[in-house]
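My entries follow in the order in which I looked things up.

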Amino acid sequence: MLVEALTALAAAGGGAVVQAAGTDAWTGLRRRVGEIFGRGAGARAAAELERLDQTARVLARGASADIAAQRLRQEGVWAGRFEALLESLDEAGRERVAGELRELLAFVAASAGDEAIATGEAVARDGGSAVTGIKRTGGHRTGPARAVHTGNAEATGPGSSAVSGIANE
């Protein structure tokens, strides 16, 4: 049984796979995950790359009604895969893979940018503002942004604004 910190690391790895799918970070994540699971065996790495590609296909074709459920399912699948890998290793191997997972998380955090999927509705009234998706302010945007299946936006009244998607202010 893994210690709590390694279980949390495996869960974060599952989240990173899903977060990177469909973004510019995907190619780098895909290569790194293949290396982590492959451990020098080409056939094992190729099998993991095919699993990653299947995940990307599932997430790309998800309808707006079920995309959140698909994302949660895929996060769980990959968290379980990372956890099983960590459990299968001796202490030295576990520490090496844990370090590689931490590097993977840093890579995705630096390159995936902001993401909003299956958000609710934005309603602004009487001079207010609302965003369903991503709101970037202050002029310093880090990384790309992606908004998919964002909800409806409605603004009523003078000075009101509502955005569905990405707002750069």
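I began with the secondary structure, and the protein chain comes to five helices and six strands, where helices (H or I, at least four residues) and strands (E, at least two) are DSSP runs numbered from the N terminus. From the N terminus on, I read the elements as α-α-α-α-α-β-β-β-β-β-β.

I kept in mind that this is a predicted model, in which local features need pLDDT of at least 70 and side-chain atom pairs count only at pLDDT 80 or more, while totals for chains, interfaces and linings use all residues. Residues are numbered from 1 along each chain as its sequence is written, and side-chain values use heavy atoms, with hydrogens and water left out.

Of the 169 residues of the protein chain, I found 35% counted as buried, meaning under 20% relative accessible area, with exposed over 50% and partly exposed in between (1.4 Å probe, protein chains only).

For leucine 29, leaving aside neighbours within four places in sequence, I listed contacts (heavy atoms within 4.5 Å) with Ala16, Val17, Ala20, Leu52, Leu104, Phe107 and Val108.

**Backbone angle**

I noted that aspartate 126, although not a glycine, has a positive phi of about 50°, and I placed this residue in the loop between strand 2 (122-125) and strand 3 (129-136). Aspartate 126 is exposed, with a relative accessible area of 71%.
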